[in-house]
Amino acid sequence: MLREATTEDVNLMFSWRNQETNRQVSKTSHEITPAEHAAWWSRVRTDPARRVLVYLHDDLPAGVVTFFDLRLDGPTRSGAWGFYLDADGLAERGATLPAWLGVMRAAVDHAFDVLALDRLDGEVLAHNTVVRQMNRRFRFVEGTGRPETVDGREIIVVPISLTRENRRRR
């Protein structure tokens, strides 16, 4: 289940984002400072082209889903997304895979059923083969990867997309 993120969730989101597991599969891999996080939250919570949601697994906060670059007017409704989980907490509970499947389902359902998008875009790092496999399972299509230098490291960023017509329904 997804719910709108609140100011009370800010510290959880901050700690999850700085977990080593999440930093290594993110474009920005440095440890986010409290000031950076506060500035991000200040921008996103009032931006009409963004949504920040908390994912609940077994009724406990377990991750963050962000939708951004939302284009909700016009002939094609589109947006981009990303997510990260409480990797450490879920691993301790032995719930990583069920939570991962759950957040993917919840995010895709939210994108197409709540936001009524026609197309959902995102990015994945080329070295993140496990996520790339999961994306394919959910019928995301990969584009051509492009090299970027972020935080002093060379990465290959692979664009992904899913259309309403191609989404896997339960």
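The largest pocket of this predicted model has a volume of about 1,300 Å³. Here a pocket is an open set of points on a 1 Å grid over the protein atoms alone, where a 1.4 Å probe fits, with protein on both sides within 12 Å along at least five of seven lines. The volume is the space filled by probe spheres set on the points. The pocket is lined by 35 residues, and Arg-17, Ser-26, Gly-82, Phe-83 and Tyr-84 are the closest to its centre. Lining residues have an atom within 4 Å of a point. Strand β4 gives the largest share of the lining, six residues. By class, 18 lining residues are nonpolar, 11 polar and six charged.

Helix α3 (34-44) is among the elements that give two or more residues to this lining. Helices are DSSP runs of H or I, at least four residues, and strands are runs of E, at least two. Which residues of α3 are buried? They are His-37, Trp-40, Trp-41 and Val-44. Buried means under 20% relative accessible area, exposed over 50% (1.4 Å probe, protein chains only). These four lie on the same side of α3 because they cover an arc of only 95 degrees around the axis. The buried residues pack against α1, β2 (51-57) and β3. Ala-35 and Arg-43 are exposed on the other side.

Now to α1 (residues 10-17), which holds Asn-11. Asn-11 counts as exposed because its relative accessibility is 61%. Its C-alpha atom is 9.2 Å from that of His-37, 26 residues apart along the chain.

Residues are numbered from 1 along each chain as its sequence is written. Local features need pLDDT of at least 70, side-chain atom pairs count only at pLDDT 80 or more, and totals for chains, interfaces and linings use all residues, while side-chain values use heavy atoms, without hydrogens and water.

How values were computed. Ala, Val, Leu, Ile, Met, Phe, Trp, Tyr, Cys and Pro count as nonpolar, Asp, Glu, Lys and Arg as charged, and the others, Gly among them, as polar. The arc is that of the directions from the helix axis to the C-beta atoms. Contact means heavy atoms within 4.5 Å.
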